[in-house]
Amino acid sequence: MNGFLRYVFTAIMYSVVLTVIIAGFTFVAFIDDWTIIIEKKMEDFPFLLILFAIPIVAGGVAGIVIGFYWKQRVHYVEKQMEEIIKGQKLSFELETPKDLESIQRYLEQIQNKIRIQTEHAQRLATERAEEREKSLQEIVVQERNRLARELHDSVSQQLFAASMMMSTITETNPPKNETMKKQLLMVEKMIQQSQLEMRALLLHLRPVALKGKSLQEGTKELLLELTQKVPMKIDWNIEAFSVDKGVEDQLFRILQEALSNTLRHAKANALHVILVERDGNIILRATDDGIGFDMEKLKTGSYGLQNMRERAYEIGGSYKVVSLPKQGTRIEVKVPNLGREENKND
């Protein structure tokens with residue numbers, strides 16, 4: 001039996017019982033001959049039938065009204081509870097019945113507690129994810145450092161020794177056979193190219209963070225290190241300016257990528273790096289005199305160039321590369337220095 005019918009049946013039962021009690025007391029107190037009541041008729045209908053029919057009808061009507069009344073209120077509460085379960089905000093499309101205002105307040109309190117607990121759970125999940133990511137990044141940096149040290153101490157040193165031996169052979173005891181001489185020169189160039197490839201790899205493996213240094217300090221340190229290790233003329237123009245830490249890290253990574261590409265592909269004799277601020281923009285430019293390449297034939301999937309472009313766009317900057325065959329390559333990144341403007345406003 002559903003709630004609505006239960007209200008109707010209960011109202012009828014209460015009406016009948018109340019009628020029986022009242023009629024019983026009346027008959028006992030005022031009527032001596034019960035046969036009169038039994039034989040009494042009203043409009044050809046037995047009086048007792050009418051006596052019980054009236055409370056049944058009245059109880060049914062009252063039960064219907066009460067059942068409809070409470071059915072609306074139960075439906076209202078069910079709808080609000082359903083919205084809470086679905087995680088939706090309580091709606092107030094219908095006016096809250098006066099007798100349900102206290103229940104409405106309790107529902108709002110329950111929803112607020114659920115929202116607070118959900119926010120707390122999400123915050124904990126975010127913190128755990130950040131901690132895992134930070135821990136993973138630390139592990140990756142440590143492993144990169146370890147690989148860089150091992151490659152530098154083993155493969156890089158062996159390539160350097162092989163290059164020295166080949167230079168000694170070709171200078172002190174050059175072979176008379178021209179074919180053999182060309183082959184030895186080819187091997188020497190291959191070793192030198194392998195050294196450049198190894199230095200480019202070590203440049204990728206080295207720590208990408210500035211570790212407390214400014215962008216200018218990290219750039220100078222990197223370029224000084226390269227001048228000592230590669231047979232290339234390297235000069236630079238680096239000016240002092242302040243910039244946000246996030247922008248510094250991305251620009252430093254872009255510079256590392258540009259230098260790595262130059263070592264691996266350019267076959268350049270000279271490299272010029274500019275790091276300045278002009279008209280509120282930071283300009284990072286690397287120019288070499290290498291073999292260059294045909295811009296029209298440039299592969300869009302070039303990982304190094306694409307990586308630099310994405311890093312520049314990530315900090316709201318622009319990226320441009322210009323290259324011509326046998327005329328070198330120029331890579332330029334321009335980034336608005338918004339941090340400097342905020343400092344001025346402060």
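**Exercise 1.** Determine whether Ala270 is buried, partly exposed or exposed in this predicted model.

*Solution.* The relative accessible area of Ala270 is 26%. Because buried means under 20% relative accessible area and exposed over 50%, with partly exposed in between (1.4 Å probe, protein chains only), Ala270 is classed as partly exposed. The model is predicted, so local features need pLDDT of at least 70 and side-chain atom pairs count only at pLDDT 80 or more, whereas totals for chains, interfaces and linings use all residues. Residues are numbered from 1 along each chain as its sequence is written, and side-chain values use heavy atoms, with hydrogens and water left out.

**Exercise 2.** Locate Ala270 and list its contacts beyond four places in sequence.

*Solution.* Ala270 belongs to strand β4, where strands (E, at least two residues) and helices (H or I, at least four) are DSSP runs numbered from the N terminus. With contact taken as heavy atoms within 4.5 Å, and neighbours within four places set aside, Ala270 touches Met232, Lys233, Thr287, Asp288 and Asp289. The C-alpha atoms of Ala270 and Ile234 lie 5.8 Å apart, although 36 residues separate the two along the chain.

**Exercise 3.** Work out the strand order of the open sheet and identify its edges.

*Solution.* The five strands follow the order β3-β4-β5-β7-β6, with mixed pairing, where two strands pair if DSSP finds at least two bridges between them. The edge strands, each pairing on one side only, are β3 (233–238) and β6 (318–323). Strand β6 pairs with β7 (residues 329–336) in the antiparallel sense over six bridges, and Thr329 in β7 is the bridge partner of Ser323.
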